[in-house]
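Work through the exercises below with the sequence and the model at hand. Each task is followed by a solution in steps.

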Amino acid sequence: DGLLPALQSGKIDLIIAGMTVTDERKKAVDFSESYYTASQVIIVPADNTAIKSFDDLKGKNVGVQIGTTGDTVISEIKEITNTKYNNGSEAVLALTTQKVDAVVIDNEPAKNFVAKNTGLKVVDTGAVKEDYAIAIAKGNKDGLNVGQLVGLITAKAKIKRNLIKNAQVFEKFSFVSVPFNEAEMVIKAFQ
């Protein structure tokens, strides 16, 4: 919640923190091109077979992180008890201690929470897609080309993924180990 005011007051130069592009936020800040498309998913206990969609959350107590898309989506469904937490970790802890029936959160953090907490699973409903972008102060054109920054970050990430993938394929078919630090050296050459 404090990121947008910090950006607007000049305390920070940009926000790169899973910032969802919304029409409301566009009134307050400028955005780069989208660098990632996320979706809202549901985390439930691994043995839960009843919850397969957002409609199945009706009558349930659902944990969300305050101010997120999950919070907005769940708040709009009147038949759901929306329990708000300061962060995703608190919401997941509430789920593991049976204080809530499910958690609604972005797909990437959800994968990490499930990987670190046995007995949970992700229900991907394929609904509620959202774009992440870098936010900069409204009208800030002081040489900061966020589009170029996003392009550079994306290109480096693709190069790194391809180098690692190629090294793994090479290793698989040639029975020769390829140290990943060589791939890292190539990445550094692009910096």
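**Exercise 1.** Which residue in strand 9 is the bridge partner of I15?

Solution. The model used here is predicted.
Step 1. Find strand 9, residues 135-137, which is joined to strand 1 by two bridges.
Step 2. Read off the direction: strand 1 and strand 9 run antiparallel.
Step 3. Look for the partner of I15 in strand 9: A135.

**Exercise 2.** State the strand order of the open three-stranded sheet, and explain which strands have a side without a neighbour.

Solution. 
Step 1. The order is 1-9-2, and the pairing is antiparallel.
Step 2. Strand 1 (14-15) and strand 2 (29-31) are at the edges.
Step 3. Each of these edge strands has a single partner strand, so one side of each lacks a neighbour in the sheet.

**Exercise 3.** Is D30 buried or exposed, and with which side chain does the side chain of D30 make a polar contact?

Solution. 
Step 1. D30 is located in strand 2.
Step 2. The relative accessibility of D30 is 17%. Buried means under 20%, so D30 counts as buried.
Step 3. The polar contact of the D30 side chain is with the side chain of K138, at 3.2 Å.

**Exercise 4.** Classify the one aromatic pair of the structure and place its two residues in the chain.

Solution. 
Step 1. The structure holds one aromatic pair, formed by Y36 and Y132.
Step 2. The ring centres are 5.6 Å apart and the planes make an angle of 40°. Planes under 30 degrees apart would count as stacked and over 60 as edge-to-face, so the pair is tilted.
Step 3. Y36 belongs to strand 3 (residues 36-45) and Y132 to strand 8 (residues 129-132). The two are 96 residues apart, and the pair thus links distant parts of the chain.

**Exercise 5.** Which residues of helix 5 are buried, and why do they lie on the same side of the helix?

Solution. 
Step 1. Helix 5 spans residues 107-116, and its buried residues are N107, A110, F113 and V114.
Step 2. These four residues lie on the same side of helix 5 because they cover an arc of only 120° around the axis.
Step 3. A115 and K116, on the other side of helix 5, are exposed.
Step 4. The cover over the buried residues of helix 5 includes strand 3, helix 4 (88-96), strand 6 (102-106) and strand 7 (120-123).

Conventions. Residues are numbered from 1 along each chain as its sequence is written. This is a predicted model: local features need pLDDT of at least 70, side-chain atom pairs count only at pLDDT 80 or more; totals for chains, interfaces and linings use all residues. Side-chain values use heavy atoms; hydrogens and water are left out. Rings of Phe, Tyr and Trp (its six-membered ring) pair if their centres lie within 6.5 Å; planes under 30 degrees apart count as stacked, over 60 as edge-to-face and the rest as tilted. Buried means under 20% relative accessible area, exposed over 50%, partly exposed in between (1.4 Å probe, protein chains only). The arc is that of the directions from the helix axis to the C-beta atoms. Contact means heavy atoms within 4.5 Å. Two strands pair if DSSP finds at least two bridges between them. A polar contact is a pair of N or O atoms within 3.5 Å; within protein, one must be able to donate a hydrogen and the other to accept it, and residues adjacent in sequence count only if both atoms are side-chain atoms.
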